[in-house]
Each structure stands twice: as structure tokens, then as C-alpha cells.
Amino acid sequence: MGSGQWHVEKRSTFRNDSIVKEYGTVLETGCLSIIVLGASGDLAKKKTFPALFNLYRQGFLNPDEVHIFGYARTKISDEELRNRIRGYLVDEKNAEQAEALAKFLQLIKYVSGPYDSEEGFEKLDRAISEHEISKNSTEGSSRRLFYLALPPSVYPSVCKMIKTCCMNKSDLGGWTRIVVEKPFGKDLESAEQLSSQIGELFEESQIYRIDHYLGKELVQNMLVLRFANRFFLPLWNRDNIENVQIVFREDFGTEGRGGYFDEYGIIRDIIQNHLLQVLCLVAMEKPISLKPEHIRDEKVKVLQSVVPIKDEEVVLGQYEGYRDDPTVPNESNTPTFATTILRIHNERWEGVPFILKAGKALNSRKAEIRIQFKDVPGDIFKCQKQGRNEFVIRLQPSEAMYMKLTVKQPGLEMHTVQSELDLSYGQRYQGVSIPEAYERLILDTLRGRSSRRCFTGLTKEK
């Protein structure tokens, strides 16, 4: 742990994979097929299909163009899949949404088959092609989005089958895109192997590696807060900030997902992706533009500046009862809680500890960024015991931003108290629906936007 070095993996230049002709770009006019691989699993039921339904309900998926295919090994009918996901999409007592739900479910077709067999994927390709023909799409002009709601162990075989059996037949303005998300491997070797295997099959512009944390509203807001507000610019450095805390807490345990969690643990599951992505946004320098490669480059610079972590600045723990989960090995020592201090060796952050905390089965549920400022020098009001100035960004639940300030308590005496300037999204933006992270990332993928996906091209050496 103490001897690691950051290794930068070169990626090919970002480009739009629509076909550019001599006089411009071919418009995307073909029909859209969204294929959810692993359609019978938890991720698909709880996140992917609800996100697609919300995009449909808000008009981002045109019912005249889109069709949704589920693919998994489970042998069920179209109607059985619809019934399985129905309860995760909407409260059917809501008449308005129930009508939209009924129309949405009719867009879903199910195909069963193994993940390593051409026969199953040829069957899937025939189903997609039938939909494209029914929409009078020119061969090759259609759009195909494959969402891998699957464990990383089957990514290579699935991607190989997609490449062999399910690609567009010609380049006439359409595209094929692959969506994968964390965990992308469980160590450097497996991550590099996965990247190499998928990279041999697809162009870089066809691969979308997503981290759903980057789609959260307040994470999206970080670049705006930092670089569009003048008063933050002179304060955001080691001269004014005492420490930065990035915290993730869950008030529940593994709940039947112990088999997955025990293989990865809280560090791989949360800290090395979600929290490191947030750290990069807090600590990075201003990119020269909002192009994805420029944002990525600044993130990489932050991670390259992180010094090796000291063992004495790491605390690991496991909640009582974790091994009672029947999917967890009896002798497991996998941590369910971790806190560590990262130190960034550069001009802006030298001496400022970045404290990352993550844990399951704790006494509350929240995710937040807490920026603590240094004490006021020459404090004439003797109010340091009331607490430092803080700027807090609550990512979940109940999105909010607030600043803790010392003010005079109303009255005739000179007494100080700590108060807050509070921007709670539920109060300030009443009636405004805050999109789920998966909605935002799927829509960005459909539109060919890559700046919000998890894409640093950076891994940790052993």
C-alpha cells in the first residue's frame, strides 16, 4: 500500500462515432434499439429499466423509434420480464404514470440465451433486425446501445458475441455503443486485461465506461461551483482550507449481496471509484475547456500527485453480523468500513489532508463533501469552540449545499453562534424533478457525450 505509483494508460483521441462525410455529419435518423444484457438481474430491475422508463416518460425516448430488448440466461417470456420489472418502475395507483407504464412495457421484448454462445446472440440480432425492418430503417443506419448489467467476468465473452453477431452491417450513419460500469476488474491486472480484451473488439469511441456517481446532480454541479463563482477561486487552496472530508455512509448491510460485496470490499466497491472521482473534481485545476479529454487530463494530474498512503493513516473495520449473511464466507475478513487520508503533493494542496470515509451498516445514510476552513487568526470574539467555517455539499439524500458561518446572536448582548446559509434543493427547486444518475448517464451515452462518464484512463500499480 505504501509503495504504489500511479500509471497512466494512454487512450485514443475522443471522437464522435457518427460518420463524417465531406460536407458534414450524417444525421442520426435510424431507429434505436437498447439492449439490456443481464435483464433478469438486480441492477437491471432496480436501476436500468427504471432509468429507461423515466427517460421515456419525459420524452427523451421516442416510442416511434425505440425498442428495448432484454437478454439473459433465464428462460422467461416477454410478459414475465415485464411483470418482474413492473413494480420497480412506478406506483400503478398513479393513473397518469400507469398509462405511460403500459405503453412503455409494450416496447420491451425478451430474448434468452447464454453469454458465450453465437446461437443466442444470433437470435438476439434477428430480433433487433426485425424491429429495424419494421421501422423501415436503412441497413446500417440504426443505433444499437448495449448496456452490460452484468458482472465483469462475462464482459469479454459478451463483447465478443456482440462484435461477432450484433453489430450494424454497414456504416451508413448508425452506431453501436457498449456501456460498462464499475467494478471494472478488481485489481490492476484484471482491469488491464478487461480493457485490452474490450479494446481489441471496439473503437474507443464505442465504449462508455460509466460511474453512476458522476451522474448525481451535486457531483455534476462541482465544476460549476468551483469555476463559475469568483469568491471560491481565492479560497480553494492550502492557505485557507484545513481539510477536505468525502464521506459515504449506508445504514444497511449487504442484504443478500454478500457474495458480490465480499469479493470486492468497501475500498474497491466505493473508495477507489466513487470517492476518488469526487476527490478529483474537488482538487483538480481548471481544465482549458469542458471537452472530456481536457477534464480527464486534469483528473489524472490530481491522482498522479497523490503520495503513497501510510498504513497508520488507514482504519479498516467490519460490522458485527456481516458474516451472518449466508452468501458471505464464515471466515471473511473483508472490510465493510474504511477511512484513509490522501495527501496531494502539489502547490495548491500541500499539507491539506483529504479524508475519505466509506462504510455499510452505519447509523445513518448520507454522502457528502465537507470542506473545513482554517481558524480565523487573531480571533477577537473567542468563538473557535463553536466550530470552523465549513462548506458542505450533500450528495444524497436530500441534495443540498450549505455554508456554516459564525454570526452574532440576535439581542442586546454580543454573543456569537454558528448558523448556516442553506441551499436545500427540495425547498429551492420545488416542483423540479432531479434526475437519477442512471437517467443522465444513459441519455449522455445515447447522445454521444463522454464528459460525464468515468474515464480517467488511470490505474494503480501494485
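Modeller: Gladly, and please keep in mind that this is a predicted model. Let's start with T334: apart from residues within four places of it in sequence, T334 is in contact with F261, D262, G265, Q318 and Y322. One of these partners, D262, also has a polar link to T334, as the two side chains make a polar contact at 3.0 Å. If you follow the chain, you will find T334 in the loop that runs from strand 11 (314-317) to strand 12 (337-343).

Now for the wider setting. The chain has 462 residues, and 51% of them count as buried. Its secondary structure consists of twelve helices and 18 strands. Take the contacts between residues at least 6 apart in sequence: 74% of these join residues at least 24 apart.

Other loops deserve a look too. Between strand 15 (390-396) and strand 16 (400-408) lies the loop that holds P397. The peptide bond joining Q396 and P397 is cis, with omega at about -20 degrees. S398 belongs to the loop between strand 15 and strand 16 as well. Although S398 is not a glycine, its phi is positive, at about 50 degrees. With a relative accessibility of 52%, S398 counts as exposed.

A361 also has a positive phi without being a glycine, here about 60 degrees. You will find A361 in the loop between strand 13 (353-359) and strand 14 (366-373). Its relative accessibility is 31%, so A361 counts as partly exposed.

Finally, a pair of helices. Helix 1 (residues 42-57) packs against helix 12 (residues 437-446) at an angle of about 65 degrees, and their axes are 8 Å apart. The two helices are therefore roughly perpendicular to each other. Where helix 1 passes helix 12, the crossing is right-handed. On the helix 1 side, the contact is made by L43, K47, T48, A51, L52, N54 and L55, while helix 12 brings Y438, E439, I442 and L443.

Key: Residues numbered from 1 in each chain as written. Predicted model: local features only at pLDDT ≥ 70, side-chain atom pairs only at ≥ 80, totals over all residues. Heavy atoms only, no water. Helix = DSSP H or I, 4+ residues; strand = E, 2+ residues; numbered from the N terminus. Polar contact = N/O pair within 3.5 Å; in protein donor to acceptor, adjacent residues only side chain to side chain. Contact = heavy atoms within 4.5 Å. Axes fitted to C-alpha atoms, helices over the stretch in contact; angles between N-to-C directions. Parallel < 35°, antiparallel > 145°, perpendicular 65-115°, else oblique. Left-handed = near helix turned anticlockwise from the far one by under 90°. Buried < 20%, exposed > 50% of the residue type's maximum accessible area, 1.4 Å probe, protein only.
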